Amino acid sequence: MEGVAKVEWSGNEDWESRNNALVRLGLAADGFYDQVAGCRERFGAHRVGVAIGTSTSSIGRTEEAYAAGGEVAFPGPYRQPRVHNPHSPGAYVAHLTGLTGPQMTISTACASSARVFATGWRWLQAGLVDAVLVGGIDSMCHSVLAGFQSLELTSPDPCRPFDAQRSGINLGEAAGYAILTRAADAPVGAVRLAGYGESSDAYHMSQPPPGGEGAQRSMRAALQRAGIDGVDLGYVNLHGTASQANDTAEAQALAALLPPHVFVSSTKGWTGHTLGAAGILETVITLQALESGHLPGTLNLEEPDTGLAFPVAQHSTERSVQHAMTNSFGFGGNNCSLVFSKVSP
Amino acid sequence: MRIAGLGAWGPGFSNWPALQAWLQGGDRPAELTTARPAPECIPPRERRRAPLSVKLAVAVADQACSMAGVSPHDAVCVFASGMGDMDITDYMCRTLASDQPLVSPTKFHNSVHNAPVGYWSISQGARRSSNAVAGFLDTIPISLLEAATQCVTEQVPVLWASQDIASPEPFRMIADIPDACAFALLLVPGPEDNRPVAQTTRDTSQNPGTCLDLGLIEGASPWPGLHTDTLKSLYEHNPTARLLPLLEVLAGVRAGPLKLPLSGAMSLQLNASVHNILHPGESKSA
């Protein structure tokens with residue numbers, strides 16, 4: 001991603017990593033720092049929690065330490081205890097924002113930064129905090145490149161979700177954030193997190209069951225918590241990785257829960273699969289769809305796979321929708337679905 | 001909420017009764033090394049593929065569920081680790097730095113932080129929520145808070161488990177962990193939990209088992225000292241061993257409440273009231 005290499009670490013060397021560069025770039029985007037500052041002043045730093053999703057954390061930096069001769073002991077610049085552990089991005093977000101409420105990193109593979117919304121919901125419901133900075137960061141590194149290649153899941157071509165010719169995933173990297181508050185504290189026009197659903201496949205570490213039963217359970221739980229039915233959804237942003245197994249199983253799950261006219265798409269043709277950041281990235285896209293009425297289609301879906309159980313939208317459209325859902329599924333059979341709703345004025 | 005089950009594994013103990021006896025007597029067991037757990041609830045094929053981090057988490061999770069009499073199908077899971085599986089991180093980084101940077105697909109899917117809870121879910125057929133969290137040196141307080149919050153807000157049994165393994169050589173200067181250990185708690189909601197976590201008070205008269213209250217308090221706290229001298233090294237070095245002060249309370253050798261660090265400005269207060277010293281088979285599920 002552009003800009004990562006230009007991040008300046010002078011004076012902050014103990015946090016230096018590609019992943020933490022993305023942490024900073026994301027916080028600096030779209031005036032988000034100012035929004036966090038407003039939240040901190042309003043509620044107090046200790047009343048704002050931090051829940052961050054990641055799958056890679058800063059393992060890219062650990063790879064660099066080994067490549068720099070650290071197979072016995074890390075060379076000087078790499079002796080960074082706060083970087084070489086899974087909580088690196090959550091701790092760095094708290095450090096940069098000055099927030100002192102509960103701070104946690106969730107790492108459930110590609111469902112990581114969807115689950116942070118469920119955690120934020122519960123922290124608010126329990127009265128632990130008045131706001132939660134949620135988000136996710138994942139960065140490109142050799143571990144995921146070599147790992148997904150070893151599983152023969154990557155495609156040499158631009159990924160084609162739900163296409164008859166799909167040949168695997170493209171890896172991406174991203175950072176994204178949102179602030180959750182109780183409804184009474186939300187600004188006018190803010191979209192409501194209406195429901196979350198979490199489930200486990202209990203099937204295989206890196207394959208979903210063909211019927212998508214785990215995905216069905218997370219979607220059903222999210223709909224139930226939101227108090228709506230599948231027919232009420234105007235848009236679903238799919239996990240849609242363009243792997244054979246995911247797209248087959250997710251289509252099966254959709255067919256079990258939704259009428260076929262619901263507009264569903266995968267946006268990974270634009271972004272690639274950003275792994276632990278996919279949940280937050282696709283949440284942001286889903287929120288934009290709710291707010292703007294622009295429903296994105298599926299880039300590179302040219303020849304829909306007629307063997308799939310549910311029709312996936314090829315082309316973007318303009319349509320006002322009230323409720324939208326996003327799906328994130330990860331290794332270990334880890335599933336999370338989120339439902340967002342427009343608040344009536 | 002109540003603690004209905006406990007699991008423990010570490011140098012010199014392979015279950016809660018053994019650790020409890022150590023905490024109560026203060027004597028170090030004669031033989032300190034503990035063989036690697038080989039939990040039979042993992043099917044043989046998966047067990048062969050499972051790394052130590054997975055076996056530790058699954059072994060203690062199984063102990064906690066058995067003791068509580070709660071089916072793994074009924075509990076949501078919050079699994080934790082301060083450092084993750086450093087053996088696999090070491091393997092991945094070492095392989096990628098070599099002339100033959102081809103990684104094993106099994107090791108790659110085992111490298112995710114949620115591998116322990118994933119194997120647990122797969123081997124038990126547990127289909128409810130399975131979370132995997134981290135908080136570096138403060139993993140114990142933040143993951144306990146996460147588990148307790150889910151238990152109270154969703155009114156579900158929560159299986160909490162944490163493990164950290166010994167550091168491979170290059171990690172010694174990052175986190176010098178000489179010995180692995182793992183613990184699990186099976187939390188069940190109680191009738192007193194209809195109030196927010198931060199305001200929970202107790203009426204424990206009707207509840208068998210051990211009542212646990214958690215609350216956030218303002219102000220930073222240092223880590224409390226450990227009473228059991230012979231476990232101080234483990235406590236100091238292994239992030240998961242930072243459960244030991246609470247286990248001293250549960251063993252009846254330490255008075256609460258406990259304050260644990262949560263951030264530079266907040267602490268987690270834990271209050272465990274032991275109405276019924278936990279022995280296998282005595283406590284009942286919700």
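Good morning. I begin with a pair of helices in chain A: the axes of helix H1, residues 18-28, and helix H4, residues 88-97, approach within 10 Å and cross at roughly 40°. Because of that angle, H1(A) counts as oblique to H4(A). The crossing in which H1(A) passes H4(A) is right-handed. Please bear in mind that this is a predicted model.

Which residues of H1(A) meet H4(A)? On the H1(A) side they are Asn19(A), Asn20(A), Val23(A), Arg24(A) and Leu27(A). Their counterparts in H4(A) are Ser88(A), Pro89(A), Tyr92(A), Val93(A) and Leu96(A). Sorted by class, this helix contact comprises six nonpolar residues, three polar and one charged.

I turn now to the two chains. Chain B contributes 60 residues to the contact, and chain A contributes 59. On the chain B side, the elements that give two or more residues are helices H4 (86-96), H5 (105-110), H6 (115-124) and H7 (139-154), together with strands E3 (130-134) and E6 (210-218). Of the side of chain B that touches chain A, H7(B) supplies the largest share, with seven residues. The class composition of that side is 33 nonpolar, 21 polar and six charged residues.

Finally, strand pairing also links the chains. Strand E2 of chain A, residues 103-106, is joined to E3(B) by two bridges, and the strands run antiparallel. What stands opposite Thr105(A)? The residue is Ala134(B), in E3(B). E3(B) is also one of the elements that give two or more residues to the chain B side of the contact.

Thank you.

Note on methods
Residues are numbered from 1 along each chain as its sequence is written. Chains are lettered from A and ligands numbered from 1 in the order in which they are written. This is a predicted model: local features need pLDDT of at least 70, side-chain atom pairs count only at pLDDT 80 or more; totals for chains, interfaces and linings use all residues. Axes are lines fitted to C-alpha atoms, for helices over the stretch in contact, and angles run from 0 to 180 degrees between N-to-C directions. Helices (H or I, at least four residues) and strands (E, at least two) are DSSP runs, numbered from the N terminus. Angles under 35 degrees count as roughly parallel, over 145 as roughly antiparallel, 65 to 115 as roughly perpendicular and the rest as oblique. A crossing is left-handed if the near helix is turned anticlockwise from the far one by less than a right angle, and right-handed if clockwise. Two residues are in contact if their C-beta atoms, placed from the backbone, lie within 7 Å. Ala, Val, Leu, Ile, Met, Phe, Trp, Tyr, Cys and Pro count as nonpolar, Asp, Glu, Lys and Arg as charged, and the others, Gly among them, as polar. Two strands pair if DSSP finds at least two bridges between them.
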